[in-house]
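Here is a brief report on one chain. Start with the helix, then look at the chain as a whole.

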Amino acid sequence: MARRGENLKQLPRCGAKPKPRSLRTYPCKQAAMVNGRCYFHGGTSKIKHGNYSKASEVKRTEQRNIINQFRESTLALDNLVKGI
């Protein structure tokens, strides 16, 4: 009969490397998920998120357009006031 943790020892490991200035000098020893990383390190993801997602790019483009329109309108107003 196998001991309780025997099957856990046979699982593949995460292996994520620490940052260069870290006190820890060995790779992560957590059991890996299907994607090859542990639940903490996550591994690669096919879903883009944060600054690189399509939604955030569209949002930044819209904000940039609004800012440019505001600048153009204030410049036009300044020219109109100076012309009087």
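Helix α2 covers residues 54-83, 30 residues in total. From first C-alpha to last, α2 reaches 43 Å, close to the 44 Å expected at 1.5 Å a residue (1.5 Å times one less than the number of residues). Helices here are DSSP runs of H or I with at least four residues, strands are runs of E with at least two, and both are numbered from the N terminus.

This is a predicted model: local features need pLDDT of at least 70, side-chain atom pairs need 80 or more, and totals for chains, interfaces and linings use all residues. Residues are numbered from 1 along each chain as its sequence is written, and side-chain values use heavy atoms, without hydrogens and water.

α2 is hardly covered: 1 of its 30 residues is buried. Buried means under 20% relative accessible area, exposed over 50%, and partly exposed in between (1.4 Å probe, protein chains only).

| Residue | Relative accessible area | Class |
|---|---|---|
| Ser56 | 15% | Ser56: buried |
| Thr61 | 37% | Thr61: partly exposed |

Ser56 touches Gly50 and Asn51, leaving aside residues up to four places away in sequence. Contact means heavy atoms within 4.5 Å. The Thr61 side chain reaches the backbone oxygen of Glu57 at 2.8 Å.

Now the whole chain. The protein chain has 2 helices and 0 strands. Buried residues make up 8% of its 84 residues. Among contacts with a separation of 6 or more, 7% join residues 24 or more positions apart.

Methods:
Polar contact = N/O pair within 3.5 Å; in protein donor to acceptor, adjacent residues only side chain to side chain.
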